[in-house]
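Reader: Hi, could you walk me through this one? I'd like to chat about a few spots in it.

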Amino acid sequence: MDLDIIKRRIEKRVKSAFAEYQAQEDVQTKFAEPAFGYISTIHPMFDTFFARGENDHPKNIWRPGYTMIVYYIPFAEDIPRFNEADGTPNPAWLKAIEESRWLAMKVNAAIVEILTKVGRIYSRSSTMMDWDHEKHRYGWNNNIAGYLAGIGTFGPAGSLITEYGYGGRVGTMMTDGVYVKKPETVDGAVLDAEFQKVMTACCYAGARDVHCSQEMIAACPGGAIAEDGIDRGKCQAYCETINKADPCPQMCGRCFGFR
């Protein structure tokens with residue numbers, strides 16, 4: 001079967017699952033239609049992120065996987081990420097995060113449905129809540145796949161910035177189907193430069209050439225941002241006050257709009 005046909009079938013089924021979810025009366029958040037990308041699990045940048053301790057490797061998660069199907073579900077509305085006057089997180093923002101997680105589960109099921117019909121095997125990449133408290137990151141970071149698949153670029157605290165802005169959810173599924181070309185070999189110096197570029201864009205303390213504005217510093221309710229970058233431990237500590245099990249920066253997100 002033509003590979004582009006399979007991709008079109010996946011995307012069509014995902015969009016129908018998206019419409020079904022959005023039509024539910026109890027769903028409060030409005031989402032824009034998902035964007036798609038495809039990336040090889042042997043992309044050399046996965047090796048680089050793994051070697052630098054920033055992400056698990058797709059092949060460690062599921063060895064048969066060759067193609068990673070990546071999707072991005074944007075929030076359709078500009079939901080304020082700022083806290084309420086009493087310091088509590090904006091309920092609409094947290095609701096959007098929760099409902100996007102449920103929507104991602106339905107999208108995963110839609111992808112599985114098509115892969116099963118065409119005789120491919122598959123695996124989830126993560127539980128979407130596999131936060132590593134010691135490393136201050138997810139075991140598997142969907143945003144890295146979104147970045148490598150060309151869906152968006154990195155922003156503060158590891159946020160993914162797309163044409164829709166910073167509000168949304170990235171999801172991934174792996175399959176043994178070969179739906180992308182084999183990646184080219186890349187020089188190690190080029191890979192290292194790309195990795196450093198990402199760390200700088202994330203504004204992490206210790207990365208090269210990071211400078212955070214006073215406005216960005218003042219926006220952080222956890223005191224995790226200084227001129228030389230974001231302290232990931234302090235960021236996690238604050239986000240734990242919002243969600244102990246899943247203290248990712250998105251739970252707060254107040255720094256995401258700064259560049």
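**A chat about the model**

Author: Happy to, and let me begin with Asp246, which is buried at 0% relative accessibility; buried means under 20% relative accessible area, exposed over 50%, and partly exposed in between (1.4 Å probe, protein chains only). Before we go on, this is a predicted model, where local features need pLDDT of at least 70, side-chain atom pairs count only at pLDDT 80 or more, and totals for chains, interfaces and linings use all residues. Residues are numbered from 1 along each chain as its sequence is written, and side-chain values use heavy atoms, with hydrogens and water left out.

Reader: Thanks! Which side chain does Asp246 meet in a salt bridge?

Author: That of Arg101, with N to O at 2.8 Å. A salt bridge here is a side-chain nitrogen of Lys or Arg within 4 Å of a carboxyl oxygen of Asp or Glu. Asp246 sits in the segment after helix H8 (232-240) and Arg101 in helix H4, so the pair ties together parts that are 145 residues apart in sequence. Helices (H or I, at least four residues) and strands (E, at least two) are DSSP runs, numbered from the N terminus.

Reader: And Arg101, buried or exposed?

Author: Arg101 counts as buried, at 12% relative accessibility.

Reader: How many salt bridges does the structure hold?

Author: Eight. Another one brings together the side chains of Glu113 and Arg13, at 3.1 Å from N to O. Glu113 is partly exposed, at 29% relative accessibility.

Reader: What about Lys95, which residue does it form a salt bridge with?

Author: With Glu98, where the closest N and O atoms are 3.8 Å apart. Lys95 and Glu98 are three residues apart in helix H4, so about one helical turn separates them. Lys95 is partly exposed with a relative accessible area of 24%, and Glu98 is partly exposed with 36%.

Reader: Where does Cys203 lie, and what is its phi like?

Author: Cys203 is in the loop between helix H6 (188-201) and helix H7 (214-219). Its phi is near 60 degrees, a positive value in a residue other than glycine. For background, most residues other than glycine have a negative phi.

Reader: Good to know. What is the phi of Ala157?

Author: Ala157 has a positive phi of about 60 degrees, although it is not a glycine. Ala157 belongs to the loop between strand E6 (153-154) and strand E7 (160-161), and it is buried at 7% relative accessibility.

Reader: On to strands. How many residues of E8 are buried?

Author: Eight of the eight residues of strand E8 (residues 168-175) are buried, so the strand is largely enclosed by the rest of the structure. Gly168, Val170, Thr172 and Met174 point one way from E8, while Arg169, Gly171, Met173 and Thr175 point the other way.

Reader: How many bridges join E2 to E8?

Author: Eight bridges join strand E2 (residues 67-74) to E8, and the two run antiparallel; strands pair if DSSP finds at least two bridges between them. Thr67 stands opposite Thr175 in E8. Strand E3 (residues 122-124) is also antiparallel to E8, joined by three bridges, and Ser123 has Met174 as its bridge partner in E8.

Reader: Last one: where is Val27 found, and what is it in contact with?

Author: Val27 is in the loop between H1 and strand E1 (35-40), and it is buried at 8% relative accessibility. Leaving aside neighbours within four places in sequence, Val27 is in contact (heavy atoms within 4.5 Å) with Tyr21, Gln22 and Glu99.
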